[in-house]
Amino acid sequence: QVQLVESGGGSVQPGGSLRLSCATSEINYIFYDVAWYRQAPGKERELVARVNRMGGIQYGDSVKGRFTISRDNSKSTVGLQMSSLKPEDTAMYYCNAVRTLGARTEYWGQGTQVTVSS
């Protein structure tokens, strides 16, 4: 069973920055697409950013130009640098990993809360 462990959430004022990190002990990390999703109360879970196993990157429309996703295959980690945060970015942020080489499997982290408020 692959475990994903998020860290870095917290509270910040509008316009501020936070960095999230997700670590795993999965030794075949390069076989996975990794992503960040978020879910605000009363809303559906939405894609924030994804980086596939080939390095291709996709962002949700609402975070383009403000958030940056990066992965370090040597450390089996994925980070999310969030800048120019807005109150509407407030949500639980989840790390996601999908194995796309070989048998498809998907894993989720427990989530880390991000709150943007003055």
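Q: Are tyrosine 32 and tyrosine 107 buried or exposed?
A: The model is a predicted one, and the burial class of a residue follows from its relative accessible area, with under 20% taken as buried. On that basis tyrosine 32 and tyrosine 107 both fall into one class, which is buried.

Q: How is the ring pair of tyrosine 32 and tyrosine 107 classed, stacked or tilted?
A: A pair of aromatic rings is described by the distance of the centres and the angle of the planes. For tyrosine 32 and tyrosine 107 the centres are 6.4 Å apart and the planes stand at 45 degrees, so the pair is tilted.

Q: How many residues apart in sequence are the parts that this pair ties together?
A: Tyrosine 32 belongs to strand 4, whereas tyrosine 107 belongs to strand 10, which covers residues 105-108. The pair therefore ties together parts whose separation in sequence, in residues, is 75.

Q: With which side chain does the side chain of asparagine 96 make a polar contact?
A: Asparagine 96 is found in strand 9 and, because its relative accessibility is 3%, counts as buried. Its contacts beyond four places in sequence include Asp33, Tyr107 and Glu106. The polar contact, at 2.9 Å, is made with the side chain of glutamate 106.

How values were computed: Residues are numbered from 1 along each chain as its sequence is written. This is a predicted model: local features need pLDDT of at least 70, side-chain atom pairs count only at pLDDT 80 or more; totals for chains, interfaces and linings use all residues. Side-chain values use heavy atoms; hydrogens and water are left out. Helices (H or I, at least four residues) and strands (E, at least two) are DSSP runs, numbered from the N terminus. Buried means under 20% relative accessible area, exposed over 50%, partly exposed in between (1.4 Å probe, protein chains only). A polar contact is a pair of N or O atoms within 3.5 Å; within protein, one must be able to donate a hydrogen and the other to accept it, and residues adjacent in sequence count only if both atoms are side-chain atoms. Contact means heavy atoms within 4.5 Å. Rings of Phe, Tyr and Trp (its six-membered ring) pair if their centres lie within 6.5 Å; planes under 30 degrees apart count as stacked, over 60 as edge-to-face and the rest as tilted.
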